[in-house]
Amino acid sequence: MALMTEEQRWAFELDGYILLPGLLGAPAAAHATPAALAEHPDLLAAIDQLAGGELPLWYRAAYDGTEGKEQEFHTTKFELDRPSRRLTEEGQWANDLTVDEQRRLGYDTTSRPDQVCVWGLRALWAVGDSCVVVCPASHKANVQPPPSMARAEELGATERVQLRAGDCLLAVATTLVGAAAPGGSLQECIFCDDSRYPGGAFGHGAPGVDSWLDELTPARRALVAGPPRGLGHDGQPLSNEQQLAPSLLGVNTRPDAPDHEEVWFWDLRGYLALPGVMDRQWLAQCNAALDSPFAEASRRPVGLSSSIVGEYPEYEGCSQLIAPAPGTRCNEERVSQTWTHPSPFSDGFRRMIDNPLVNARLKWMIDPGFVMTTCYTIVSRDGAAGQPLHGGWFYGAGHNYHFRDGQPRTEQVNIGWLLQDVETATGDGGLMLIPGSHKARLPLPRPKQTSCDMPQVKHMQGAAGTVIMYTGSTTHGVRSWRNPNRERRFVNTKAGPNIRRPEREAAARLGVSEGGGVRG
């Protein structure tokens, strides 16, 4: 099998799956035994390239700390976790959704950021033409349980992947997948790293290690050796709710409780679209303000930066998704600090500061003490250039998305307000982003000038009045505008945690300097 490309490795880390087309011919696939599929050399080579390697054992519970043992590194070795099976049920996730199995076979999000750590893999062989429903980036989900397959499709969180006989879809074991149609033409093989077996060759389960455990009380033995998977230290089964509590994800009956599906989608994709936040009157108020002579006088063109032009002064080699119209150097215009302008121009925009629908989400996205930090309006005429992908861990914003104490936390939320319809079919450009990239561990595999051409990039369409919220570390950009019938009108507000020191704020209001004196 040929070596995996950098782009394939990036896609597997981002989405949690990859399609391996044509590993077998259709006749060979139809007659292959489960053992032959599980041992196919090209599949094993792909597994080794995407998830193999050596890991320091102090990142793993298997390390028992015995001095002098050669246990500094563990070579990842995947073995068949259970007998292979045919997927016969349609419309349901094939995954074992218990918290315990998600942890055992999942994607390790706590190890070093420069190395992919996967404990379990699922191979879906197409022994006949098939269709698989996949939920990209779900291998990194912090919110359990997920919605049903049907509901996840309604939320726009899934993709349908067509497989021809002989194709193989390789996914992290915790990436949500399922058969889209009946027929039983998918053969499932689940692989697990050999150290993830309870009582395996590592740690307290190793031969000759258990004798001293027999001297302990049952309660102490359970704490040291660990109970069977899925059981608590008292020997009783643990429910998913018990393993998740206490957290935001447990039962929350407060009237202002976050919507579980929204929290799941936000954690999974790194963005949230809220249609219909602005009504017709509000939209008309903001658009009338932008049509005013005051707005025309306040517009400032943004110069074409080298990040767009790059090394292509004539745009040769630059993606046409972000380049200005041929023969022009047209770019977007901005009305900066829109909130600060005098009334009545700013009235409609100031309503964005305290919108209850948006702010209710910001409370659980950031924290209840969030602050609004900035507001500017973008206007793009026909032919205006866009912006290359930016943001994210390797692009200046920092890897600032975390999940702590059962709640998502991020240092910045961008809030985009659509004042005009945005439709790809009519030549509209505007916001684009890479779903799931707020947790990406690998940099973009292409240069900035062409990375927006990758299939993982999503153009954010929506009706006027829609609000799109996304983390500052979700990789995003802007497609160039190609609609002669209407401008792009997009208000960008931002929010973050309140990090101001109260005593400094009070001193500033009183005119007291940091040294204690009153400023003259």
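How many aromatic pairs does the count come to by the ring-centre rule? The count comes to five aromatic pairs, where rings of Phe, Tyr and Trp (its six-membered ring) pair if their centres lie within 6.5 Å, with planes under 30 degrees apart counted as stacked, over 60 as edge-to-face and the rest as tilted. The rings of Phe-265 and Tyr-271 have centres 5.3 Å apart and planes at 90°, so this pair is edge-to-face. Phe-265 is buried at 6% relative accessibility, and Tyr-271 is buried at 4%; buried means under 20% relative accessible area, exposed over 50%, and partly exposed in between (1.4 Å probe, protein chains only). Trp-266 and Trp-364 are also edge-to-face, because their ring centres lie 6.4 Å apart and their planes stand at 85°. This second pair links distant parts of the chain, with Trp-266 in helix 9 (residues 260-269) and Trp-364 in helix 14 (residues 356-365), 98 residues apart. Both Trp-266 and Trp-364 are buried. An aromatic cluster is formed by Phe-294, Phe-345 and Phe-349.

The model is predicted, so local features need pLDDT of at least 70 and side-chain atom pairs count only at pLDDT 80 or more, while totals for chains, interfaces and linings use all residues. Residues are numbered from 1 along each chain as its sequence is written, and side-chain values use heavy atoms, with hydrogens and water left out.

The protein chain as a whole has 15 helices and 24 strands. Helices (H or I, at least four residues) and strands (E, at least two) are DSSP runs, numbered from the N terminus. Of the 520 residues in the protein chain, 50% are buried. The accessible surface of the chain comes to about 24300 Å², and 52% of that belongs to carbon and sulfur atoms; these areas come from the Shrake-Rupley method with a 1.4 Å probe, and for residues only the protein chains shown count as cover. Among contacts between residues at least 6 apart in sequence, 82% join residues at least 24 apart, a contact being heavy atoms within 4.5 Å.

At the start of helix 14, a side-chain oxygen of Asn-355 comes to within 3.1 Å of the backbone nitrogen of Leu-357. A polar contact is a pair of N or O atoms within 3.5 Å; within protein, one must be able to donate a hydrogen and the other to accept it, and residues adjacent in sequence count only if both atoms are side-chain atoms.

His-40 is buried, with a relative accessible area of 11%. Neighbours within four places in sequence left aside, His-40 is in contact with Leu-23, Leu-24 and Trp-125.

Strand 7 pairs with strand 8 in the antiparallel sense over five bridges, and Ser-130 has Leu-163 as its bridge partner in strand 8. Three bridges join strand 7 (residues 130-134) to strand 10, also antiparallel. Val-132 stands opposite Ala-179 in strand 10, and Val-133 has Gly-178 as its bridge partner there. In a regular strand the side chains alternate between the two faces of the sheet. Both faces of strand 7 are covered: Ser-130, Val-132 and Val-134 are buried on one side, and Cys-131 and Val-133 on the other.

An open sheet of four strands has the order 16-23-20-21, again with antiparallel pairing. Its edge strands are strand 16 (387-390) and strand 21 (458-459), each pairing on one side only. Strand 20 (residues 430-433) is joined to strand 21 by two bridges, with Leu-433 opposite Lys-458 in strand 21.

Notes:
Two strands pair if DSSP finds at least two bridges between them.
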